[in-house]
Amino acid sequence: MSISSELSILNEVIDKLQSSFNHSLTVDTNLDEVASVLNEVAERMQDNYPYFDTKYAGQMLKPPHPIARLAYMLALYFNPNNHALDGGKASSQMEKEAVTSIAQMFGWIEYLGHLTGGGTMANMEALWVARKLHPDKIIVASEMAHYTHERISEVLGIEFKKVNADQYGRMSIEALEDILNQNEVGTVVVTLGTTGTGSVDPLVDVLALQKKYNFRIHIDTAYGGYFKLADNLTEYGLAQYEAIRHADSIVIDPHKHGLQPYGCGCILFKDPSTGRLYKHDSPYTYFSSAELHLGEISLECSRAGAAAVALWATMQMFPLERKGAFAKGIENCRIAAISLAKLIAEDDNSIPLFHPELDIVVWAPKGNTLSDISQKSNQIFHTCAKKDLHLALFKYPSRLLPNEWGHIERDQEFVTCLRSCLMKHNHHDWVDQIWSVIKSVSDESFK
Ligand SMILES: *Cc1c(COP(=O)(O)O)cnc(C)c1O
């Protein structure tokens with residue numbers, strides 16, 4: 001679809017939106033000036049990597065779907081604020097519907113939750129609730145969890161401990177039990193889909209430990225959450241995702257895998273009475289009705305109603321159903337990752353870190369020492385970028401390297417690997433072309 005046909009749809013629906021109001025949705029201004037500044041913006045924005053291109057296979061970036069972009073722009077003519085119903089009447093209702101669908105995807109009918117500016121704010125809210133409920137207990141997360149948990153714990157003044165990971169980048173259950181034996185742990189953060197390697201922590205085993213040690217479980221599935229809909233995970237992966245419903249809180253980012261523009265995270269609590277913890281006496285909001293204002297159950301105050309409208313609209317087109325079009329798209333990402341992993345495994349000059357659990361692939365060029373490998377990874381990364389193929393780099397702790405890396409001299413504490421997030425629903429069609437560039441660049445570096 002061309003952008004002008006996208007914008008002509010927007011043009012039509014703006015008329016519809018405007019038709020029940022007596023006022024114009026815009027103000028008179030000097031349009032020549034607007035055009036001139038926008039020209040400058042277009043020029044400045046050219047200094048970006050081509051994120052939307054299939055040959056951008058590096059960081060965790062997925063372009064928003066046109067429906068999300070257009071619904072966001074349409075809502076922006078109103079610019080609703082989902083803090084209170086006074087500022088975002090229709091968009092708050094759409095937020096409640098969209099968030100209810102996400103909760104249902106995880107198996108929750110009753111829940112408390114809302115959208116946030118992103119995964120960091122959503123995790124902050126989960127850990128804030130954790131501290132309210134267990135003020136004197138500590139929070140733990142795997143060393144491969146997102147760094148935000150350690151930092152948020154610092155902000156909230158909670159003691160935080162890292163749990164060692166195993167050779168698949170998953171939380172080590174033995175290391176967790178050691179910590180549980182020696183500390184009063186209030187909350188265990190379990191990551192389903194680590195940001196670095198897409199590893200899935202052993203939630204089922206953590207749930208078994210919960211029976212003995214009685215702690216809260218917070219699931220950070222900011223990146224990996226939508227894989228709940230995928231049928232093509234490993235048996236291990238499927239079992240962990242199935243267990244999500246037993247957790248106390250969940251974070252998922254619609255702006256990671258959910259086709260949304262940035263500014264869309266989501267926090268869910270299993271226990272609706274968590275809402276009592278948010279009580280405050282704002283003198284100036286919530287006067288319009290007895291119905292729930294989302295600001296009453298949110299740490300953030302003003303929030304973009306447009307983000308909720310975009311998510312709601314996207315979910316009309318792509319309901320969160322197993323075997324539905326969206327679920328197939330997520331499964332395609334995993335198919336792409338498995339195909340790339342296969343090519344890497346068959347290549348004489350490459351060594352995989354481990355088999356991908358979701359849609360992130362991490363590997364390295366072979367070498368005799370970790371410093372040699374790191375230097376080659378850097379070189380391949382930069383040369384591929386010059387050929388318009390964009391990968392990412394990832395530093396993995398040497399002590400967690402799998403047995404297959406046993407013969408390589410560990411002359412440094414970290415090894416720099418190559419990393420690819422295959423998050424576009426059509427990436428699987430491009431794996432061969434992506435690999436042919438990597439292969440030629442890599443072979444060159446071995447000459
Ligand atoms: C991206 C990510 C975060 C941080 O979320 P933002 O939306 O970037 O603030 C936290 N945890 C995990 C696992 C993530 O992938």
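**Entry 1: R69 and E6.** I began with R69, which forms a salt bridge with E6; their closest N and O atoms sit 3.1 Å apart. This is a predicted model, so I read every distance here as a computed one. The pair ties together distant parts of the chain, with R69 in helix α3 (residues 66-76) and E6 in helix α1 (residues 3-18), 63 residues apart. I then checked the cover on each partner. R69 counts as partly exposed because its relative accessibility is 34%. E6 counts as buried because its relative accessibility is 6%.

**Entry 2: K212 and E177.** Next I looked up K212, which makes a salt bridge with E177, the closest N and O atoms being 3.3 Å apart. This pair, too, links distant parts of the chain: K212 belongs to helix α8 (residues 203-213) and E177 to helix α7 (residues 173-182), 35 residues apart. K212 is exposed, since its relative accessible area is 61%. E177 has a relative accessible area of 24%, so I noted it as partly exposed.

**Entry 3: K256 and D253.** Here I found another salt bridge, between K256 and D253, with 3.4 Å between the closest N and O atoms. Both K256 and D253 are buried. I also noted a network: K228, E242 and R245 are joined by salt bridges that share partners. How many salt bridges does a search of the whole structure find? It finds 19.

**Entry 4: K424.** I went to the loop between β11 (414-421) and α14 (431-445), where K424 is placed. Leaving aside residues up to four places away in sequence, K424 touches Y51, F52, D53, T54, Y56, P63 and C333.

**Entry 5: a nonpolar patch.** Last, I turned to the surface, where L31, V34, V37, L38, V41 and M45 form a nonpolar patch with about 550 Å² of accessible area together. I picked out V37, which lies in helix α2 (residues 31-45). V37 is partly exposed, because its relative accessible area is 46%.

Note on methods. Residues are numbered from 1 along each chain as its sequence is written. This is a predicted model: local features need pLDDT of at least 70, side-chain atom pairs count only at pLDDT 80 or more; totals for chains, interfaces and linings use all residues. Side-chain values use heavy atoms; hydrogens and water are left out. Helices (H or I, at least four residues) and strands (E, at least two) are DSSP runs, numbered from the N terminus. Contact means heavy atoms within 4.5 Å. Patches are made of residues with over 30% relative accessible area and no salt bridge: like charges are joined within 9 Å, nonpolar side chains (Val, Leu, Ile, Met, Phe, Trp, Tyr) within 5 Å. Accessible areas come from the Shrake-Rupley method with a 1.4 Å probe; for residues, only the protein chains shown count as cover. A salt bridge is a side-chain nitrogen of Lys or Arg within 4 Å of a carboxyl oxygen of Asp or Glu. Buried means under 20% relative accessible area, exposed over 50%, partly exposed in between (1.4 Å probe, protein chains only).
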